Amino acid sequence: MNSRRLLAGLLSTIALVSAACGSSSAAVQPKVGGVLTIDNESGTTWTCDFNPYNGAVTGLSAGIFYEPLVYDNLLSDQKTPWLATSWDWSPDNTKLTFTIRQGVKWSDGQPFSADDVVFTFQQMKKYPALDLQSVWSVLTDVSKSGTDKVVMTFGSSAIPYFFQIADQVSIVPQHIWSTYSDPTTQKVDQPVGTGPFVLGQCTAQNIRYDRNTSYWQPGKPYIQTVNYPAFTDNDPANQFLAAGQAQWGGQYIQSIDTAYIARDRAHNHYWFPPIDNIDIWFNTTRAPFDKKAVRQAFAYGIDRDSVSKKGETGYEPAGNQTGVLTPTFNSWLDNDAVKKYGYKFDAAKATSLLQGAGFTKNSSGIMADSSGHTLSFTIITIAGYTDWDASLQVIADNLKQIGVDLTVKDQNSNDYFNNLFTGNFDLAYGSLSTLPGPTPYYELRNSIDSVTSADIGQTASGDYGRYKNSAVDTLFDQFGATTDSAKQHSILKQIEGTMLEDVPVIPVTEGVAWYEWSTKSFGGWPTPDDPYAAPAPWNLPDWEVVLLHLYQTGS
Amino acid sequence: MWYLVRRLEFFIVTLWAALTVNFLLPRLMPGSPAEALLVRFHGHVSPQAVKAMEVALGIHTDQSVVQQYLEYIGNTLRGELGVSVSYFPLSVATVVMQALPWTVGLVGTATVIAFVLGTLIGMLAAWRRGGLFDAILPPVFIVISAFPYFWIALFCLLIFSLTLNWFPLGFAYDLTSQINLSWDFVGQVIAHAFLPALTIVITSIGGWILTMRNTMITTLAEDYVKMARAKGLSPMRIMFMYAGRNAILPNLTGFAMSLGFVISGAILVEIVFNYPGLGFMLLQAVDNEDFALMQALFLMITLAVLVAVLFADVLTAVLDPRTREAG
């Protein structure tokens, strides 16, 4: 019953992603109507709190009520003006000026303005608990300029933060939020936003969203009503979806071809685009993981394809050692370098690397150094993620062949994350707990830039393995200081080079956005051919963009 | 009279002990709510912000255990149960009151039905020992009650909801309905509760049948039953008023206990049927190290069991004059 949807749930708590809207779907204006039901295991019943800053419920209000300044498609980095009509970086890339859209109204009829944007950011500065994206770690000032401009000033150029600032921050109305005594603990049961839907009704078991008739994008949305039922477990949610009672799914379904597709072959579809990596983290402060050769040996000692097939039933593709997601970020991948290193299962090569590092096989077939320390390790992971356990079994079998003895230790999620964040592990298996972004930069930076790390015992927001390489840190800074795409590509190639040569972390498989849909009564879905938005209902704020594209088919 | 006073003393001492264990137990678990909070925010939040959240949630990690204990007892007596971490920012009372009616309605009704039916079947089976009724029903239900709860639940769901479409799939009432007192809504509630209730009844009825049948057989061999027969009383009167009334006594305490445990919900049934009850809430509270919610739920379970047992004691005193005199 436990599954990886739990992880998706966790991610969705702060998760956001993005979307490009300006598309394609409707040459003929579709008629307004239809009731769409979302099917996504939330693991809880609804509290009817629509505070977008409460990590546990942000996925129920971000986008659909509270919109971002710009949509930035998580899958393609394509940016679409939203509450801001345009934006402009100063020549030295330390000032970002947004021009705010005019004529937008809050759902209570009050006009939306640049003041609301400034208020939203100032409030996050005043209450750091609201700053889920840590935007104030790079911002120094946010102020209004003229009537419709907002200027954001950065301590140093931090261009990739555009994604967090423009796409991930939900703009809230000043005239409502300024009345709250403490927005961090405020229960918002009557949300007022600029988004395409307004709250119809909320009970513990279902939220009904009704069409916002005065939405600023004329004619949209096409759907009259959206239902979002609360599912406490995966199985009931999957049955509900398979029975056709919901049209938009966002979760793991075991044997999806028989359990879902076969129930209605003409209309049921699924697509699982990769959005992050599932990694083996080395604690590089502990021997022998401070040795590059040992880490490389691990990378040659794991058969990623077989982990993907046996552990993840093929739903989650094998990762590659650069950490660049494929096919999502194919344009960033340095194919030549990947070929040069050729990281695939190669027991002979792994063994010779270990021997070169001074290890020899002892009588029981385990590698040991001259003083008798064996390569026996414990790898921690999250209890209940059965697919990860299966993957780790494959990994342990692989590593056995190169003389490494691996013991898997399942920990409850609190213990696991605490150990991961504070560096209390030899090896850990799992993905970043920070959000992925629309280019490989975001995940790679949080994985190996030592700025995101912390001393052993302190809470690190990234680089859990405490990998320290000042050259690569500088590369991340350089990437963050340029808007020139060609230059960014060439910097990222150098970072990929470090991933391949140094193996600070091993991306084993690629985590995906679970997404199932039925074309029986609705059209306009994102597909591999038209990936206009990250497609899972827990991809925020992308789900808003998907909801704006969907329309009722037939009568 | 002394009998009841003694029971009341016992009730108060047990309640205090339960309150204390309830306070200690969550604190003996590994991890802390502060860590849980940190994980919720994925390490994005500064330690200062976490401190602020802790204060908002009423977690005072810097207080001594004795201080926390006194504060806990005081708050509990005043009915202040705190704020739930897993349902933040809702108060524990709000969260519990949302789920309580569903659990009491579903599990309570199912438990009463299972007890009444089970007792009747057990009584009849013993009355006509060796008959066709006795040969079929008790063994069948006892075998069924050995099946795992969730297996029966999944089976019912698959047959009656997914395949035959007789009953709705999951939830306590139709998705888009609002809670109200119309006949239509009552109908929805019954339709949604039918399968989960059926599961509970058929998996728990076996125990009642078995104990009732066995004590009934012993009772039927008693002299006063023979005497009643000799007097020529009607079989019905003998079965209910002579044999049944005495045979039910041991079952009564068991029934009271299970009524108390109704509050703890039926975790697996609630999960399989996606039913918004307390059982699932308890599981979630433990998962999230939601101390306040956990304590409130444990407290309610303890209280409910204690009250039910006290009630059973009183009832026993009414049904069985011997207990009154023995005191």
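**Close-up 1. Seven strands of chain A line up in one open sheet.** In this predicted model, the strands of the sheet come in the order 8-9-10-1-11-20-12, and their pairing is mixed. Strand 8 (197-203) and strand 12 (268-270) of chain A sit at the edges with a single partner strand each, so one side of each has no neighbour in the sheet. As a reminder, strands of a sheet pair through backbone hydrogen bonds, in either a parallel or an antiparallel sense.

**Close-up 2. Strand 10 of chain A and its two neighbours.** Start with the setting: is strand 10 (residues 225-229) of chain A largely enclosed or left open, and why? Four of its five residues are buried, so the rest of the structure largely encloses this strand. On one flank, strand 1 (residues 35-39) of chain A runs parallel to strand 10 of chain A, and three bridges join the two.

Close-up 3. Which strand does strand 12 of chain A pair with, and over how many bridges? The partner is strand 20 (residues 516-518) of chain A, and the two pair in the antiparallel sense over three bridges. Asn268(A) stands opposite Ser518(A) of strand 20 of chain A.

**Close-up 4. Two cis peptide bonds in loops of chain A.** Most residues other than glycine have a negative phi, and most peptide bonds are trans. One cis bond joins Ala287(A) and Pro288(A), with omega about 0°. Pro288(A) belongs to the loop between strand 13 (274-282) and helix 7 (292-300) of chain A. Another cis bond links Thr326(A) to Pro327(A), with omega again about 0°. Look for Pro327(A) in the loop between helix 8 (304-311) and helix 9 (335-341) of chain A.

Close-up 5. Ser255(A) is not a glycine, yet its phi is positive, near 45°. You'll find Ser255(A) in the loop between strand 11 (248-249) and helix 6 (256-259) of chain A. Ser255(A) counts as exposed because it has 10 C-beta neighbours inside 10 Å, and the cut-off for exposed is 12 or fewer. Asp463(A) also has a positive phi near 45° without being a glycine. Its place is the loop between helix 13 (440-448) and helix 14 (470-480) of chain A. Is Asp463(A) buried or exposed? With 25 other C-beta atoms within 10 Å, Asp463(A) is buried, since 20 or more is enough for that label.

Close-up 6. Chain A averages a pLDDT of 90, and 95% of its residues score at least 70. Residues 1-26 of chain A are another matter: pLDDT stays under 50 there, though the model has 86 contacts beyond four places in sequence for this stretch. Where pLDDT is low, the predicted coordinates should not be read in detail.

Close-up 7. Of the 327 residues in chain B, 38% are buried. Among chain B contacts between residues at least 6 apart in sequence, 74% join residues at least 24 apart.

**Close-up 8. Helix 5 of chain B packs on helix 13 of chain B.** The axes of helix 5 (residues 92-127) and helix 13 (residues 291-319) of chain B are 10 Å apart, at an angle of about 50°. That angle makes helix 5 of chain B oblique to helix 13 of chain B. Their crossing is right-handed. Val92(B), Val95(B) and Val96(B) of helix 5 of chain B meet Ala292(B), Leu293(B) and Ala296(B) of helix 13 of chain B.

**Close-up 9. Helix 5 of chain B crosses helix 10 of chain B.** The axes of helix 5 and helix 10 (residues 235-261) of chain B come within 11 Å and cross at roughly 145°. This crossing is right-handed. Residues making the contact include Phe115(B) and Trp127(B) from helix 5 of chain B, and Ile248(B) and Phe255(B) from helix 10 of chain B.

How values were computed: Residues numbered from 1 in each chain as written. Chains lettered and ligands numbered in written order. Predicted model: local features only at pLDDT ≥ 70, side-chain atom pairs only at ≥ 80, totals over all residues. Pairing = 2+ DSSP bridges. pLDDT = per-residue confidence, 0-100. Contact = placed C-beta atoms within 7 Å. Axes fitted to C-alpha atoms, helices over the stretch in contact; angles between N-to-C directions. Parallel < 35°, antiparallel > 145°, perpendicular 65-115°, else oblique. Left-handed = near helix turned anticlockwise from the far one by under 90°.
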